[in-house]
Amino acid sequence: MESYKTFIGGEWVETDETIDVVDKYSKEVIGRVPKASKETVNKAVDAADYAFKSFKEVPAYERSQILERAANLIKERSDELATMITREAGKAWKYSVGEVSRGYETFKFASEEAKRIHGETVPMDASVSGVGRVGYYIRVPMGVIGAITPFNFPLNLVSHKVAPAIASGNTIVLKPASSTPITALLLAKILEDAGLPKGVFNVVIGPGSEVGESLVTNDKVRKITFTGSPKVGDRITRIAGIKRVTLEQGNNSATIIEKDADIDKAIPRCVTSAFANSGQVCISLQRIYVHKDIADEFIDKFSKATEKLKVGNPLENDTDLGPMIDENEAKRAEEWIKEAVDMGAELVTGGTRDGVILKPTVLRNTTKEMRVMCMEVFAPIVSIIEYDSFEEAIQHANDSDYGLQAGVYTNDIKKANYAINNLDVGGVMINDTSIFRVDHMPYGGNKISGIGREGVHFAINEMTNIKMVMFNMN
Ligand code: NDP
């Protein structure tokens, strides 16, 4: 068991209290991290505020070089990072390795984007009062960014906030999830080794209700970028005061399988999309709408493929599903399955729990009142629902408080176009599922799924202010 220090003002520091971090599968304590107090948060914000005065002057090419060095160090330390993600988040090894590659790419994209942050000219003479004037706008960093992240991608979701913030000349105070904070500390070491100036990146660890709220309410923080649940996002918007807030929240993602689709391509992809990281992904496939003519064949093949998944120790190379984040979450998900079955759903496969591990579960004949349908399930549970017409399937997919991403399998271009025009979500994936994401595309949700967009270029837009410049040539 290692005792870690946290990273504030470019120094590795201890605090009066500590938090034990456990391996989510073995339950062994794998690390002890410093717990921040309100004073620690204020110190970290002060350090970031001080660092901003000089970091905003660091030229783009230097910020780009720092990010590139950090990307390369992520790649070099891939094994260490993937092991820590697997142990502290319980993520199956192959997906942890995938997360590290994505973290590398996120930093690499940020190193490129750092060199192309620009505004544009404004045709001033479009207005009578603008004649004889030259106008353009530039993008400038905001200052201290408060970043709050969830447990399920302890490296890449942190990277999605930290890398664009550095690229655009901001400074950061990060509050990672208390259950998975060590990966963030490994990233802090990487950034230190990459030559990031002192105070640009700071980490404060502790419960959201204390440490998170101290960060959100601090007046020196100019922007909060949050990824997590809508309940916490709602609280943040209410207490943040006058600062910009970006929210990346959950979904009860749907994918539609039309009868003209290639279902042998769709099935393996749908299985991975429903069960990767034990369903604890914001765009996990939760509701599959299948045309009634192909429903029996789809469900039969889907459940057979599900039963082949290897469930167990996430450190083994060929494991598909490890534990859920904790036993309470696994019990909560099991309870939701029971409720669905009591309300008339058919349990096709799975449904059993062994401690923190919930078997991948397939339900059919679910209805929209059941929690496995109308709430974000965030567990290895998927519902398969039959439909008659494509238009009806789109309506079902939209019948949700959420609106992050949706998938549509069809080989009919008109149906694809109809889906694109009518799905109320931030991203429509044709011939793929809701789970598709690469790290430079715009990513974010409608309705309670969020406000704003991430994806490095888009996150930079959210982390910069527009400054208008005008020259009077009259
Ligand atoms: P939570 O909303 O519970 O927590 C997210 C973060 O917010 C944690 O760091 C948590 O701290 C902190 N927090 C909790 N309460 C407060 C508060 N009052 N003020 C400030 N911060 C607070 O989410 P989970 O960690 O359980 O993650 C799962 C959720 O994240 C799901 O809804 C999922 O869909 C969503 N998510 C969205 C993604 C997206 O990009 N759209 C991607 C990944 C996940 P602590 O845990 O230490 O108390």
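How many helices and strands does the secondary structure of the protein chain contain? In this predicted model, the chain comprises 15 helices and 25 strands. The radius of gyration is 23 Å, close to the 23 Å given by the globule rule for 474 residues, so the chain is as compact as a globular protein of that length. The C-alpha trace extends over about 70 × 65 × 40 Å along its principal axes.

Of the 474 residues, 57% are buried. Among contacts with a separation of 6 or more, 73% are between residues 24 or more positions apart.

The largest nonpolar core holds 54 residues, and the members that touch the most others are Ile74, Phe107, Ile166, Leu191 and Phe201. Helix H6 (residues 182-193) provides the largest share of this core, with eight residues. For Phe107, once neighbours within four places in sequence are left aside, the contacts are Leu67, Ala70, Ala71, Ile74, Ser159, Val162, Ala163, Leu187 and Leu191. A further core of 29 residues lies apart from the largest one; its members include Ala333, Ile381, Ile385 and Phe390.

Conventions: Residues numbered from 1 in each chain as written. Predicted model: local features only at pLDDT ≥ 70, side-chain atom pairs only at ≥ 80, totals over all residues. Heavy atoms only, no water. Helix = DSSP H or I, 4+ residues; strand = E, 2+ residues; numbered from the N terminus. Rg over C-alpha atoms; globule rule 2.2 N^0.38 Å. Buried < 20%, exposed > 50% of the residue type's maximum accessible area, 1.4 Å probe, protein only. Contact = heavy atoms within 4.5 Å. Core = buried A, V, L, I, M, F, W, Y, C linked by side-chain atoms within 4.5 Å.
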